[in-house]
Amino acid sequence: MLLGKQGAGKGTQAARLGEHFEIAHLSTGDMFRSQAAIGTAFGLEAKRYMDEGELVPDEITIGLVEECLAEGGPLDDGFVLDGFPRTLNQAQELDRVVIGRPLDLAINLEVPRAIVLDRLAGRRVCENCQRVYHVNMPPPENWTCETCGGHVTQRADDTEEAVERRLQLYEEETVPIIDYYRDQALLVRIDGVGEGDEVFERLLKVVDDRLQERE
């Protein structure tokens, strides 16, 4: 799993790890947003919390993850978690869900607050495929995604007020998880500052090292 502040690059790097190792990338945020886009009550309720910068209640999030990791799915083949767990209770519930198939690593992507604030405030996302842009690196034509042609816009939870609230909640709710995984000898800290390829190489090294230890 990848831990770290919002805007640390977890989603981008988790997707790359999933592609590299040919395993599922499970992003609770993306799953909630996709459900909201098709208008399900479940997705719309989650979106209401996210748009305000609040954490989605544990019972909703845990239920989603438990469904995704049901027998016969990614739990058997391997997965990268992104955006979960965010609270100590969620971490403890995840242990229950994956019992018998323990986690290999909890990687904390460390990025200073000032940098993530700039990333989030300037982040723009394709409404269709979720490709990420930045105001300093926009798509070539009129905020139209060059991958799928979708409209590129600011997410409701990337407003300054929502970002400040999310970072506050991170300090209050998510930081204790770091100690939880340190106590289980699962935690590895990675410098998340730098070009994407540089950060990815750091991640690959720690994942490869841990997998070799497990062989």
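Trainee: How much space lies in the largest cavity?
Mentor: Keep in mind that this is a predicted model, where local features need pLDDT of at least 70, side-chain atom pairs count only at pLDDT 80 or more, and totals for chains, interfaces and linings use all residues. Residues are numbered from 1 along each chain as its sequence is written, and side-chain values use heavy atoms, with hydrogens and water left out. A cavity is a set of points on a 1 Å grid over the protein atoms alone where a 1.4 Å probe fits but cannot get out, and its volume is the space filled by probe spheres set on points joined across faces, edges and corners. For the largest cavity, that space is about 40 Å³.

Trainee: Which residues line the largest cavity?
Mentor: Lining residues have an atom within 4 Å of a point. By type, this lining divides into four nonpolar, three polar (Gly counts here) and two charged (Asp, Glu, Lys or Arg). The residues are L2, L3, G4, K10, G83, F84, P85, R86 and T174.

Trainee: R86 is in that lining, so where along the chain is R86 found?
Mentor: R86 touches Q6, L55, E173, T174 and I177, leaving out residues up to four places away in sequence (touching means heavy atoms within 4.5 Å). A polar atom of the R86 side chain also lies 3.2 Å from the backbone oxygen of G83. As for its place, R86 sits in the loop between β3 (79-82) and α6 (88-97).

Trainee: How far apart are the C-alpha atoms of R86 and Y170?
Mentor: Along the chain, R86 and Y170 are 84 residues apart. Their C-alpha atoms, though, are separated by 7.7 Å.

Trainee: Is Q6 buried or exposed?
Mentor: Q6 lies in the loop between β1 (2-3) and α1 (10-21). Leaving aside neighbours within four places in sequence, Q6 is in contact with R86, V116, L120, R166, L167 and Y170. Its relative accessible area is 6%, and the cut-offs are under 20% for buried, over 50% for exposed and partly exposed in between (1.4 Å probe, protein chains only). Therefore Q6 is buried.

Trainee: Which residues of helix α7 are buried?
Mentor: Helix α7 covers residues 113-122. What covers its buried residues includes β5 (123-126), β6 (132-134) and α8 (160-183). Those buried residues are V116, L120 and G122.

Trainee: How many disulfides does a search of the whole structure find?
Mentor: A disulfide needs two cysteine sulfur atoms within 2.5 Å. The sulfur of C129 is 3.7 Å from its closest cysteine sulfur, in C145, which is too far for a bond. For C148, the closest is in C126 at 3.4 Å, also too far. Across the whole structure, the number of disulfides is zero.

Terms used. 1 Å grid on protein atoms, 1.4 Å probe; cavity = no way out; pocket = protein on both sides within 12 Å on 5 of 7 lines; lining within 4 Å. Helix = DSSP H or I, 4+ residues; strand = E, 2+ residues; numbered from the N terminus. Polar contact = N/O pair within 3.5 Å; in protein donor to acceptor, adjacent residues only side chain to side chain.
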